[in-house]
Amino acid sequence: MPRRSPAWTYDELVLACTLVVDNGWRELRENDRRVQELSQLLRRLPLHGTAAEEIPSFRSVGSVSRKTTDLATNRSDYAGKRTKGGKLDLAVIDAFISDPARMRKAASAIAAGIATGELTQIPEQPDEVADDGTTTAMEGRLLMRWAIARERSPKLRRRKIQDVRAHGSPLRCEVCTFDFERFYGELGHEYIEVHHTLPLYVAGPRETRLDDLALLCSNCHRMCHRNHSGESWRTPDELRACIQTPVRLTDEQG
Ligand SMILES: [Zn+2]
Ligand SMILES: [Zn+2]
């Protein structure tokens with residue numbers, strides 16, 4: 001029995017929906033050059049392991065064309081007969097309706113990352129999907145993977161730490177002010193994590209500027225990246241706004 005093609009992922013739908021939006025929210029036919037190009041791109045995405053090698057019909061022009069029909073006909077104000085669209089189809093349609101420019105940028109960043117080969121090389125990162133295994137950031141899983149991998153560059157981290165030191169500032173979390181060395185002593189010396197405040201697809205492929213980086217403790221960093229459906233990852237300012245009134249130990253006891 002030949003394997004069946006795996007279900008469409010959010011990232012793939014973002015790429016397909018870009019075609020639909022650029023086509024005036026209309027479906028695209030198999031003989032359309034854009035459908036043929038997208039079929040080739042989808043077969044190269046690092047999302048489904050060896051599916052493209054094992055399944056000849058994986059993301060064929062026919063399946064890509066059918067998916068553009070699902071996306072075009074499941075928009076809430078579509079008047080004609082709808083094909084059956086899945087939950088993810090609807091989530092992607094919503095994202096494109098609420099912020100088309102952002103979604104189009106995300107799609108072109110994914111395509112560019114595949115074209116240069118940079119995105120294909122990066123191993124899966126622990127925080128690229130939510131704990132439920134399905135939820136991804138608004139920009140999708142691959143851009144999240146790329147951003148997290150970039151942040152882990154030791155060279156970048158060193159440059160940022162040197163810069164903060166040169167300005168005479170302490171190495172502490174920009175959100176909650178946690179200072180690893182003050183808390184853990186020598187063990188915490190120079191420990192801090194680096195976070196991109198500007199998502200990759202907004203910044204473009206340029207060299208990262210030190211001003212685009214924030215220093216965060218491990219807790220705040222994870223909370224910046226925590227996945228919620230339909231949300232992007234958070235900047236330190238956005239995370240600071242989430243903090244509830246601190247609970248004091250004495251209050252709990254009293
Ligand atoms: Zn913190
Ligand atoms: Zn980060």
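In which loop is Thr 177 found? Thr 177 belongs to the loop between α9 and α10, where helices (H or I, at least four residues) and strands (E, at least two) are DSSP runs, numbered from the N terminus.

## Basis of the model

This is a predicted model, in which local features need pLDDT of at least 70 and side-chain atom pairs count only at pLDDT 80 or more, whereas totals for chains, interfaces and linings use all residues. Residues are numbered from 1 along each chain as its sequence is written, chains are lettered from A and ligands numbered from 1 in the order in which they are written, and side-chain values use heavy atoms, with hydrogens and water left out.

## Overall architecture

The protein chain contains 14 helices and 2 strands. Its C-alpha trace spans about 65 × 45 × 40 Å along the principal axes.

Of the 254 residues in the protein chain, 44% are buried; buried means under 20% relative accessible area, exposed over 50%, and partly exposed in between (1.4 Å probe, protein chains only). Among contacts (heavy atoms within 4.5 Å) with a separation of 6 or more, 65% come from residues 24 or more positions apart.

## Helix α1

Helix α1 covers residues 10-22, and its 13 residues should span 18 Å at 1.5 Å a residue; the end C-alpha atoms are 18 Å apart, which agrees. The expected span is 1.5 Å times one less than the number of residues. Just after α1, Gly 24 adopts a positive phi of about 70°.

The helix is mostly covered, with 12 of its 13 residues buried. Among them are Tyr 10, Asp 11, Glu 12 and Cys 17. The buried residues of α1 pack against α2 (33-42), α4 (61-73), α5 (87-98), α6 (100-116) and α8 (141-151).

Arg 59 lies in the loop between α3 (51-54) and α4. Arg 59 is buried, its relative accessible area being 2%, and its phi is near 50°, a positive value in a residue other than glycine. The charged end of Arg 59 sits over the ring of Trp 8, 4.7 Å from the ring centre. The criterion for this arrangement is that NZ of Lys or CZ of Arg is within 6 Å of the ring centre and within 35 degrees of the ring normal.

## The two zinc sites

The zinc ion (ligand 1) has Cys 173 (SG), Cys 176 (SG), Cys 217 (SG) and Cys 220 (SG) as protein donors, 2.3 to 2.4 Å from it. Donors are N, O and S atoms within 2.8 Å of the metal (3.2 Å for Na, K and Ca); water is not among the atoms, so sites may look incomplete. The angles among the 4 donor atoms are 103 to 116°, and the site is tetrahedral, a class that requires all angles of four donors to lie between 85 and 135 degrees. For comparison, the ideal angle for four tetrahedral donors is 109.5 degrees. Along the chain, the donors of the zinc ion (ligand 1) follow the spacing C-x2-C-x40-C-x2-C. Cys 176 lies in the loop between α9 (154-166) and α10 (180-184) and Cys 220 in helix α12, so the pair ties together parts that are 44 residues apart in sequence. Cys 176 is partly exposed at 34% relative accessibility, while Cys 220 is buried at 9%.

The zinc ion (ligand 2) is coordinated at 2.0 to 2.3 Å by Glu 151 (OE), Glu 151 (OE), His 195 (ND1), His 221 (NE2) and His 225 (NE2). The donor residues are spaced E-x43-H-x25-H-x3-H in sequence. His 221 and His 225 both belong to helix α12 (residues 218-225), 4 residues apart, about one turn of the helix, and both are buried.

Thr 177 has a phi near 65°, a positive value in a residue other than glycine, and counts as partly exposed at 47% relative accessibility. Arg 182 is placed in helix α10 and is exposed at 74% relative accessibility. Arg 182 and Ala 214 are 32 residues apart in sequence and 19 Å apart in space, C-alpha to C-alpha.

Rings of Phe, Tyr and Trp (its six-membered ring) pair if their centres lie within 6.5 Å; planes under 30 degrees apart count as stacked, over 60 as edge-to-face and the rest as tilted. By this rule there are 6 aromatic pairs. The ring centres of Phe 183 and Tyr 184 are 5.0 Å apart with planes at 75°, so this pair is edge-to-face. Phe 183 is exposed at 57% relative accessibility, and Tyr 184 is partly exposed at 46%. Ring pairs join Phe 178, Phe 180, Phe 183, Tyr 184 and Tyr 191 into a cluster.

Conventions:
Tetrahedral: all angles 85-135°; square planar, octahedral: opposite > 155°, others 65-115°.
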